[in-house]
Amino acid sequence: MNLVPHVIAWNLTRRCNLECAHCYISAGPSESAAAELDTAACVDIVDQLLAVNPAPLLILSGGEPLLRPDLGEIAHYACANGATVVVGTNGTLLTEERIAALTDAGVRGVAVSVDSLRPSYHDNFRHGRGALADVQAALARLRAARLDFIVQTTVTKGNRAELERLVAWSADEGAVSFNCYFLVPTGRGAALSDLTPADYEAVLADLARWEGAYRGRMLVRAKCAPHFMRLVHQTDPESPVLNYETRCPCGTQYCRITPDGKVTPCPYLPEVAGDLRSQRFADVWRSSPLFRRLREGPLQGKCGACEYRAVCGGCRARGFALEGDVLAADPSCLYQPTGDTAVIEPARAVRYGGDFQPALAWTPAARERVARIPSFVRGVVMERVEAWARRQGRREVTPELLAEVRRALPIDFSKKRPFFVADS
């Protein structure tokens, strides 16, 4: 199978200025840099990643990645050599100086964590007094610097009733996406009680409705809950959410690198596929028995029998955490398969991660511009550009036409950076 790592999450450190209750990597102030890869090793790994995919989306995270003094150097090297780089942070350390340094390094956006608009909840959950006020102040600085940001919220019983307000607030703040994370019981998160399957279904139904309501203004996504795809398919089968090429992408389009160089299928699935201190990334990606099992093995239980297994397939990390098997059924899903043998496939011909064969002529300059788009969305973007060009009676794609497409989108993307244009 010719699978490409389109998105790579990289936990650069376990050090953090906070000690969040749900942290999958158990990061905190007591952690040290002793086991972390040094700058030279990180740069070498970037080269290895780019040898397998010249244009990945690289998510630099932690712990708190801003605690690494070489974050800008690693990000700049990756950006300069073809990667699209974003940074995942708790947001409390985003001073004007740090934002400027990230922008200078070529970082396209940041993801910040906001779990409640109540300081009593957010600060408690994050174990940091004043954390909410700090991240709210950081958002104003990000807007001033015109650096795109995503708001990320982990839904729990404690903030479930606040989600609608959080989504609206995120849109008002100027977020390009609201990502709702569903707890996977790993790391410190293993000690927290999760939502019930009925709660999952209700939250996902809300997110599916909000995805449509905010379309063109802000993306709304569910993370670590692939059954969101089923809800969207049932309520809005033409939604762009259904562009995704695979079910849960861990080990097929997506993987994670730990601070000490281990490769796992995703941040929430700690089973190790390989070690970059002694192996090359290409060998791990292409030959790891764990990755091969995820790609070729049959899904178990009701996930394997479900007619939505091609667009959902359940969370592999949750199946592993609760059942000890990466192919086990996701116990968080309420849905019962109908027994219909016909597998439901997304209607769209080109999906995220898929190749696109141009039907129109593309000038060299237009091809060069689109080559900068991360590989996982490039095919979708090219398809939409050609569809727009045909509606305008055009037969050639030029940089000028690409600029027209940007201006025609519902959001004024002249003020946005290229990465976030692609998923709109």
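Which residue in S8 does Ile-8 stand opposite? I looked this up before anything else, keeping in mind that the model is predicted. The residue is Cys-255.

**Entry: the partners of S8.** I traced the strand on each side of the pairing. Strand S1, residues 7-11, pairs with S8 in the parallel sense, over 4 bridges. With strand S9, residues 262-264, S8 pairs in the antiparallel sense, and I found 2 bridges there. I then followed the chain from S8 to S9 and noted a hairpin with 4 residues between the two strands. Gly-261 lies in the turn and has a positive phi of about 95°.

**Entry: the faces of S8.** Are the faces of S8 covered or open? I checked residues 254-257 and found both faces covered. Tyr-254 and Arg-256 are buried on one side, and Cys-255 and Ile-257 are buried on the other.

**Entry: the whole chain.** I counted 16 helices and 12 strands in the protein chain. Its radius of gyration is 21 Å, close to the 22 Å that the globule rule gives for 424 residues, so the chain is as compact as a globular protein of that length. Along the principal axes I read spans of about 60 × 55 × 45 Å for the C-alpha trace. Buried residues make up 57% of the 424. Of the contacts with a separation of 6 or more, 70% come from residues 24 or more positions apart.

**Entry: surface and charge.** The chain exposes about 17,200 Å², of which carbon and sulfur atoms supply 51%. I also looked up the 50 positive and 48 negative charges, and their mean positions are 3 Å apart.

Terms used: Residues numbered from 1 in each chain as written. Predicted model: local features only at pLDDT ≥ 70, side-chain atom pairs only at ≥ 80, totals over all residues. Heavy atoms only, no water. Buried < 20%, exposed > 50% of the residue type's maximum accessible area, 1.4 Å probe, protein only. Pairing = 2+ DSSP bridges. Rg over C-alpha atoms; globule rule 2.2 N^0.38 Å. Contact = heavy atoms within 4.5 Å. Areas by Shrake-Rupley, 256 points an atom, 1.4 Å probe, with all protein chains shown as cover. Lys, Arg positive; Asp, Glu negative; His and termini not counted. Charge placed at Lys NZ, Arg CZ, Asp CG, Glu CD.
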